[in-house]
Amino acid sequence: MSLHANLLEQAEYFAGKEQRRPAQVSLRRSISASYYALFHCLVADVTQTLVSGQGSTPLRQTIARAFHHKDMRSMSRSLAGGTPPDKIAAASPPPAH
């Protein structure tokens, strides 16, 4: 099982740990695990796209370490706000109407 799948499983466990009144610590742990699951899923998808082939390669591992939470947060906010950076907008197809 992949790291992001394991993290998501952990997030689901903590989210449902207490049935009636979830403890703040369980909810916070669930949110944290969910965040890291998403982060590692995105990194895995991008590195798989950039470096084709099966298995883990040194190049894929090197590229994965180049991702930073702050940069991904900034990019996510930019995309969510409808204002992608110029390089991304130029490489993307126009939206379908």
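This is a predicted model: local features need pLDDT of at least 70, side-chain atom pairs count only at pLDDT 80 or more; totals for chains, interfaces and linings use all residues.
Residues are numbered from 1 along each chain as its sequence is written, and side-chain values rest on heavy atoms, with hydrogens and water left out.

Helices were taken as DSSP runs of H or I with at least four residues (strands, as runs of E, need at least two) and were numbered from the N terminus. Helix α1 covers residues 3–15, and its 13 residues reach 18 Å from the first C-alpha to the last, close to the 18 Å expected at 1.5 Å a residue, where the expected span is 1.5 Å times one less than the number of residues. Burial was assigned from relative accessible area with a 1.4 Å probe on protein chains only, buried being under 20%, exposed over 50% and partly exposed in between. By this criterion the buried residues of α1 are Leu7, Ala11 and Phe14. Viewed down the axis of α1, these buried residues fall within an arc of 70°, and they therefore line one face of the helix; the arc is that of the directions from the helix axis to the C-beta atoms. The face turned away from the buried side of α1 carries the exposed residues Glu12 and Tyr13.

The buried residues of α1 pack against α2, contact being defined as heavy atoms within 4.5 Å. Alanine 11, which is placed in helix α1, is buried at a relative accessible area of 3%. When its neighbours within four places in sequence are left aside, alanine 11 is in contact with Ser30, Ala33 and Ser34. Its C-alpha atom is separated by 24 Å from that of aspartate 71, 60 residues apart along the chain. Isoleucine 31, in helix α2, counts as exposed at 60% relative accessibility, and the C-alpha atoms of isoleucine 31 and phenylalanine 14, 17 residues apart along the chain, are separated by 8.9 Å.

A search of the whole structure finds three aromatic pairs, a pair being rings of Phe, Tyr or Trp (its six-membered ring) with centres within 6.5 Å, and planes under 30 degrees apart counting as stacked, over 60 as edge-to-face and the rest as tilted. Tyrosine 13 and phenylalanine 14 form an edge-to-face pair, at 5.2 Å centre to centre and with 75° between the planes; phenylalanine 14 is buried, with a relative accessible area of 18%. Tyrosine 35 and phenylalanine 39 form a stacked pair, because their ring centres are 6.4 Å apart and their planes lie at 25°. These two residues are four residues apart in helix α2 (residues 24–50), so about one helical turn separates them. Tyrosine 35 is partly exposed, with a relative accessible area of 39%, whereas phenylalanine 39 is buried at 8%. Tyr35, Tyr36 and Phe39 form one aromatic cluster.

The largest pocket holds about 310 Å³ of space. On a 1 Å grid over the protein atoms alone, a pocket is an open set of points where a 1.4 Å probe fits, with protein on both sides within 12 Å along at least five of seven lines, and lining residues have an atom within 4 Å of a point. Grid points are joined across faces, edges and corners, and the volume is the space filled by probe spheres set on the points. The lining consists of Leu42, Val46, Ala66, Phe67, His68, Asp71, Met72, Met75, Ser76, Leu79 and Ile88. Both α2 and α4 (69–80) supply at least two lining residues each, and α4 gives the most, with five residues.

Helix α4 has 12 residues and reaches 16 Å from its first C-alpha to its last, close to the 16 Å expected at 1.5 Å a residue. It is followed by glycine 82, whose phi is positive, near 80°. Threonine 62 has its place in helix α3 (residues 58–65) and is partly exposed, with a relative accessible area of 43%. The C-alpha atoms of threonine 62 and glycine 82, 20 residues apart along the chain, are separated by 30 Å.
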